Structure formats: C-alpha cells, structure tokens
Amino acid sequence: SGYLMVHQNDGVTPRTYVSSTGLIPLNTWVHVAMTISGGVVTLYRNGTSVGSTTWYGLNQATLSSLIGKTNDAQAVAWNGYISNLRVSSNVRSIVVPTEPYQNDSNTVLLTLQSNRFIDKSTNGYTLTAVSNPETSPFGPFATSIANTYNVDSQGASIYFDGTGDYLKIEDSDLWSPNSSTNMALTVDGWFYVTADGYRDWE
C-alpha cells in the first residue's frame, strides 16, 4: 500500500493496473491525474507521468460510482482529504493547478470543492453521503486546516475517516458514454493522506 494505482477489469484477469514507483507522502497535498487516450491509460503525480498501460474499457460501467471507497469486494476506504475532483470527457494537459477547477464544456463531474456535497458541472449529479464524510475548509490552496472557508480563493475538501465514509453517484451515465477502449477521459484532483495503511488511489 501507499502507491498510486489505477485498477481495471480487463475481462481476462481480475485486475490489470498501472502503479507509481513512489509512495504517496503522508500529510501532504498531492495532485493526481489519470488520462485515457488511444487505448492507453496514464497516471500522473504532481504533473509528472508515473506509469501507463493498455486500457481495456469499462466492463462494469453500470455500477454506481464511489468516492472514498473502492467499488469491489475489498471495499478499501480512503483515510484523509480529497479536493477538487474532476472528470472530463477529453484528454486534458496535465499541469498542477494553482486555483480551484472551474466548470467548462468538457467537464462531466466537478465536486469536493465547496461546503456541500454537490456536483458543479452542468450535469448536476446527485452525491449521496454514506456514513459520515465531512466537508472541510482545508484544501490544497489553503495554508492550514484552521483557515476560514473561502471557495473563491482556497477551495475546500471532503474528509473521509477510512472506516466507511464515502460518497455515491447512482447515475451510470457518468461513465457509460465513454466506456469503450478508445475513450478519451481525464480524472484529476487533490489527495491528502492522514494515516498509514491503504494509500492506493484507485
């Protein structure tokens, strides 16, 4: 544990994944991104590519999307903060942002950047809180947890305690339009781990 990973079900083996070579540091905001382009999935940490592999498509695109926990039998839970999580229908240029993400025509989902569980994209997906994830003024553009919440200058985040907190998006349309092996997709956001154990980003 402690590595960035993208897991996928390729229909042949239970899991095919791309993994980073370095551990995610504790108590540090890390920008993480994944792009899918030309049948290749690439993983980035702080703007730098850390690995890639063949993309086999989404065989289970009808499943609910979970934030803060893996959607499999292991049900690995995230322990820490996640901020400015974005899903895009194009392959974005991966650079470390210096301000909160803004919605644009390629944004499919934009969340975890305010004091509510909302999707700021035009799709307006409903996020359902399970257990007790908490909104927080702490974010990658703030200097300390004690900072006063200000969405314009600091963004915000959601805290997951690693024991069962997560958010659920029931609408399978989040993935199904782009579930083929030739899909174009970017998923990016900020992650802050607060405890040892499973630190894999999936």
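Select methionine 34 and valine 187: methionine 34 stands opposite valine 187 in strand β13. This is a predicted model, where local features need pLDDT of at least 70, side-chain atom pairs count only at pLDDT 80 or more, and totals for chains, interfaces and linings use all residues. Residues are numbered from 1 along each chain as its sequence is written, and side-chain values use heavy atoms, without hydrogens and water.

Now show β3 (residues 29-37) and β13 (residues 185-193). Strands here are DSSP runs of E, at least two residues, numbered from the N terminus. Eight bridges join these antiparallel strands; strands pair if DSSP finds at least two bridges between them.

Is β3 buried or exposed? Eight of its nine residues are buried, so β3 is largely enclosed by the rest of the structure. Buried means under 20% relative accessible area, exposed over 50%, partly exposed in between (1.4 Å probe, protein chains only).

Next, select β4 (residues 40-45), which runs antiparallel to β3 and is joined to it by six bridges. Serine 37 faces valine 40 across the pair, standing opposite it.

Move to the rings. Rings of Phe, Tyr and Trp (its six-membered ring) pair if their centres lie within 6.5 Å; planes under 30 degrees apart count as stacked, over 60 as edge-to-face and the rest as tilted. The whole structure has nine aromatic pairs. Select tryptophan 29 and tyrosine 192: their centres are 5.2 Å apart and their planes at 55°, so the pair is tilted. Tryptophan 29 in β3 and tyrosine 192 in β13 are 163 residues apart.

Finish with Trp29, Tyr81, Phe138, Tyr159 and Tyr192, which form one aromatic cluster.

Terms used: Helices (H or I, at least four residues) and strands (E, at least two) are DSSP runs, numbered from the N terminus.
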